[in-house]
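Grab a pencil and open the viewer.

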2 protein chains.
Amino acid sequence: MDTRTQILDVAQALVQTIGANAMSYQHISEAVGIRKASIHHHFPTKEALIDALIERYSERFFGVVDQIVAGRKTAVHKLRDYIGLFEGTLRDGAQDKACAMGMLGAEVRTLGEAAADRVSQFYAQNERRLSTILDEGRRDGTLRFEGASPAMAGLIFSLLEGAMLVSRGRNDVEHFRVVSDQLLKLIRS
Amino acid sequence: MDTRTQILDVAQALVQTIGANAMSYQHISEAVGIRKASIHHHFPTKEALIDALIERYSERFFGVVDQIVAGRKTAVHKLRDYIGLFEGTLRDGAQDKACAMGMLGAEVRTLGEAAADRVSQFYAQNERRLSTILDEGRRDGTLRFEGASPAMAGLIFSLLEGAMLVSRGRNDVEHFRVVSDQLLKLIRS
DNA sequence: GTCTATATAGAGATAGAC
DNA sequence: GTCTATCTCTATATAGAC
């Protein structure tokens, strides 16, 4: 694996566990096995590293999400799969990882302009995908809820980000499943 | 106002906007108008400052929450008031502030043990209060939902924390209201 | 592309005068 | 209780050899 990828992998894992502000070149240097100065060859500044990390994370995430949305399952199954992405992140590896974009959302006032914009877009685009699934659920009869789909999509996305945050804070990964199961109880036909 | 209180006020506002890791004695020093060294007289370490901040924040928060819970309104109105606490924080002051405990939740892996414990307790205690309101709502007939009250309480708390995070990330405070209104549409009788 | 060496800034923290 | 002065450590970043 090339060094650039290794750096991004380590940096992303650090963002997902301790956040961008607590992440340092020293951390990355030790984990990758190169000197701090060498990181600057691949990413001239920390801001550039974070920007690159966000771009890759978004691209990958929507790659998976769009596959779910375009699939042939019923809407409620698509929603389950979507929720599974978040739960999978929480259960990924030894350390419980948060959504990188959730962590950066908390730190958004300390990010550069480009990064802050991308975080905002990530949220809006997730809600758009969710809204599509919800509309489909009303059509195929697998989902039922009061209110408009975009508002419900906003609720679901905030809920999933919040549940990751709270589950980690409680040191109880299972809490995420309790909450997401409760969501499905509310909107499943 | 005494210096200790001023320091706590500034530190709390900083945690709520940029987070504990981005907050420095330099920031506090400038805002309060004393030297960095003087802060150490009141709080020997940053960890002690954060611990004190958390204790005060929790105490104040539950002071208000318990008044809401103990009031004579219907459960749905109590829930509205509870949600209003979060929205009020978001709209407090010029800068949009997050819940201090939400910010610290994101940073929980970088906190000391005492602080991490208190964050965890804050979450659990909020859910307990919410569960009480939800039980009451089923009794007084103002709330209706599938599933158990503790699970629903977990959902609501994660939702509110997540909605604050996402609303700030989207740079759209109104988003919080859209989401919280949608919640009420789902569970109001 | 990675290294050593270094620059510069800022962090949290301490000692001791007033 | 606040100050000046200083310490130590770590942060991001750069220069230039290999």
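Predicted model: local features only at pLDDT ≥ 70, side-chain atom pairs only at ≥ 80, totals over all residues.

**Exercise 1.** Work out which residues and elements line DNA strand D, and which of its atoms face the protein.

*Solution.* 
- Step 1: Start with the neighbours. DNA strand D is surrounded by 16 residues, with A:Y25, A:K46, B:T3, B:R35 and B:H42 the closest.
- Step 2: Look at the DNA side.
- Step 3: Check the phosphate oxygens. A backbone N or O atom of A:Y25 sits 2.8 Å from one, and a backbone N or O atom of B:R35 sits 2.6 Å from one. B:T3 uses its side chain instead, with an N or O atom 2.7 Å away from a phosphate oxygen.
- Step 4: Assign elements. Two or more residues each come from α2 (25-32) and α3 (36-42) of chain A and from α3 (36-42) of chain B. The top contributor is α3(B), with 4 residues.

**Exercise 2.** Now sort the surface near DNA strand C by residue class and find its polar contacts to phosphate.

*Solution.* 
- Step 1: Sort them. You get 6 nonpolar, 8 polar and 3 charged residues.
- Step 2: Backbone N or O atoms lie 2.6 Å away for A:R35 and 3.4 Å away for B:M23, while B:S24 brings a polar side-chain atom to 2.7 Å.
- Step 3: Name the main element. That's α3(A), which gives the most, with 4 residues.

How values were computed
Residues numbered from 1 in each chain as written. Chains lettered and ligands numbered in written order. Heavy atoms only, no water. Near = heavy atom within 4 Å. Polar contact = N/O pair within 3.5 Å; in protein donor to acceptor, adjacent residues only side chain to side chain. Nonpolar A, V, L, I, M, F, W, Y, C, P; charged D, E, K, R; others polar.
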